[in-house]
Amino acid sequence: MVNIFSVYKFILHGIMKLVGVRPQTVEIEPGTIMNFWVSSNIPNKIENTPKKSKPAVVFLHGFAMDGIFTWQLQVLSLAKNYAVYVPDFLFFGGSITDKSDRSPEFQAECVAKGLKKMGVERCTLVGLSYGGIVGFKMAELYPNLVESIVATCSVLALTRSISDASLERLGFKCWPDYLLPDSVKGVRNMFEIAAYKFPHLPDWIYKDCFEVMFGNRKEKEELLEALVVDDKDFTIADFPQRVHLLWGENDKIFNMETARNLRMQLGGSAKLQSIEEAGHLVQMERPFVYNKQLKEILASFSKDAHQD
């Protein structure tokens with residue numbers, strides 16, 4: 001029987017290619033390969049083509065889905081006016097490594113090296129959840145590369161205290177129990193928790209999802225284990241970048257209290273706005289509202305940069 005998610009993935013990839021967004025494989029280092037979806041009109045540094053003029057926006061996905069699936073509606077909205085890059089993190093999509101490092105720092109290093117190999121000198125990061133954590137680490141490690149950040153439903157780091165509070169709120173003992181379900185019922189539960197109001201879908205759709213979405217389970221469990229850090233080991237970095245927090249007001253995973261705490265950690269220059277009737281997957285639940293606000297944020301970043 002045909003898997004509906006495999007069919008949709010095939011159609012989605014075809015649509016992306018029609019709008020000029022194509023996959024590109026980049027060898028980060030021997031043994032480490034990262035897949036990027038890239039605007040096809042973006043010149044490739046390796047090919048010695050002229051410099052691009054469009055501002056670069058890098059979309060960093062969350063833990064459940066790969067890059068282009070997570071950000072499909074934003075890429076279609078922004079690809080005309082921005083140089084769009086959508087990486088698959090290691091062990092998602094087409095990205096793999098033979099290294100043992102599973103930390104967000106290593107993901108950040110690989111994305112940054114891949115972008116530099118493609119000729120990106122400055123960029124704005126748009127990160128959802130896990131992608132926001134990786135994005136903040138990129139901004140800390142590569143301040144000359146990362147010009148600004150839009151973080152959605154994320155944190156600077158998943159400290160033990162934040163992790164424990166979130167898991168207790170969701171009713172799970174550990175993150176793999178939630179993010180790596182071992183049953184069709186677990187997949188349904190994962191999406192229903194992540195959304196404000198998830199549409200009712202028949203079990204066969206969740207079954208198809210279960211069959212294709214949760215590969216590399218061992219490596220992903222290791223990623224989740226490396227994600228949580230002790231509070232005593234966490235220090236807040238000084239971020240020179242412009243930061244904007246764009247939240248789903250009904251996010252159950254990282255709620256509005258978490259968002260306000262993050263804004264306080266970042267200092268007075270960080271801005272926070274929320275979208276009503278949207279949960280953790282706000283960019284999918286309210287795409288038109290999210291895209292409108294994201295475009296306004298990106299335009300404000302550009303205006304600020306010209307004034308500096």
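Reader: Let's begin with charges: how many salt bridges does the structure hold?

Author: Happy to start there, and please keep in mind that this is a predicted model. Side chains of opposite charge can pair when their charged atoms come close. A pair is counted here if a side-chain nitrogen of Lys or Arg is within 4 Å of a carboxyl oxygen of Asp or Glu. By that cut-off, the number of salt bridges in the structure is 14.

Reader: Which residue forms a salt bridge with Glu105, and how far apart in sequence are the parts that the pair ties together?

Author: The partner of Glu105 is Lys137, with the closest N and O atoms 3.7 Å apart. Glu105 belongs to helix H3 (residues 104–117) and Lys137 to helix H4 (residues 130–141), so the parts tied together by this pair are separated in sequence by 32 residues.

Reader: Is Glu105 buried, partly exposed or exposed?

Author: Good thing to check next. The relative accessible area of Glu105 is 32%. Buried means under 20% and exposed means over 50%, with partly exposed in between. Glu105 is therefore partly exposed.

Reader: What are the relative accessibilities of Asp230 and Arg160?

Author: Both ends of this salt bridge have a value to look at. Asp230 counts as partly exposed, at 33% relative accessibility. Arg160 also counts as partly exposed, and its relative accessibility is 39%.

Reader: How far apart are the closest N and O atoms of Arg188 and Asp203?

Author: This pair links distant parts of the chain, with Arg188 in helix H7 (residues 184–194) and Asp203 in helix H8, 15 residues apart. Asp203 counts as partly exposed, at 47% relative accessibility. Arg188 and Asp203 form a salt bridge in which the closest N and O atoms are separated by 2.5 Å.

Reader: Is Arg188 buried or exposed, and which residues does it touch?

Author: Arg188 lies in helix H7. With a relative accessible area of 17%, Arg188 is buried. Leaving out residues up to four places away in sequence, Arg188 touches His200, Leu201, Pro202, Asp203 and Tyr206.

Reader: How are helices H1 and H8 oriented to each other?

Author: Two packed helices are described by the angle between their axes and the distance between the axes. Helix H1 (residues 4–18) packs with helix H8 (residues 203–213) at an angle of about 70 degrees, and their axes are 7 Å apart. Angles from 65 to 115 degrees count as roughly perpendicular. H1 and H8 are therefore roughly perpendicular.

Reader: What residue classes make up the contact of H1 with H8?

Author: From H1, the contact is made by Ile4, Phe5 and Ser6. From H8, Trp204, Ile205, Asp208, Cys209 and Val212 take part. By class, the residues in this contact are six nonpolar, one polar and one charged.

Reader: Turning to aromatic rings, is the pair of Phe172 and Tyr178 stacked, edge-to-face or tilted?

Author: Ring centres within 6.5 Å make a pair, and the count comes to 12 aromatic pairs. The rings of Phe172 and Tyr178 have centres 5.2 Å apart and planes at 45 degrees, so this pair is tilted.

Reader: Which residues form one aromatic cluster?

Author: Some aromatic residues go together as a group. The members of this one cluster are Phe63, Phe89, Phe92 and Tyr130.

Reader: What is the phi of Phe91?

Author: Phe91 is in the loop between strand S4 (83–87) and strand S5 (96–97). At 6% relative accessibility, Phe91 counts as buried. Although Phe91 is not a glycine, its phi is positive, at about 80 degrees.

Key:
Residues numbered from 1 in each chain as written. Heavy atoms only, no water. Phe/Tyr/Trp six-rings, centres within 6.5 Å; stacked < 30°, edge-to-face > 60°. Axes fitted to C-alpha atoms, helices over the stretch in contact; angles between N-to-C directions. Helix = DSSP H or I, 4+ residues; strand = E, 2+ residues; numbered from the N terminus. Parallel < 35°, antiparallel > 145°, perpendicular 65-115°, else oblique. Contact = heavy atoms within 4.5 Å. Nonpolar A, V, L, I, M, F, W, Y, C, P; charged D, E, K, R; others polar. Buried < 20%, exposed > 50% of the residue type's maximum accessible area, 1.4 Å probe, protein only.
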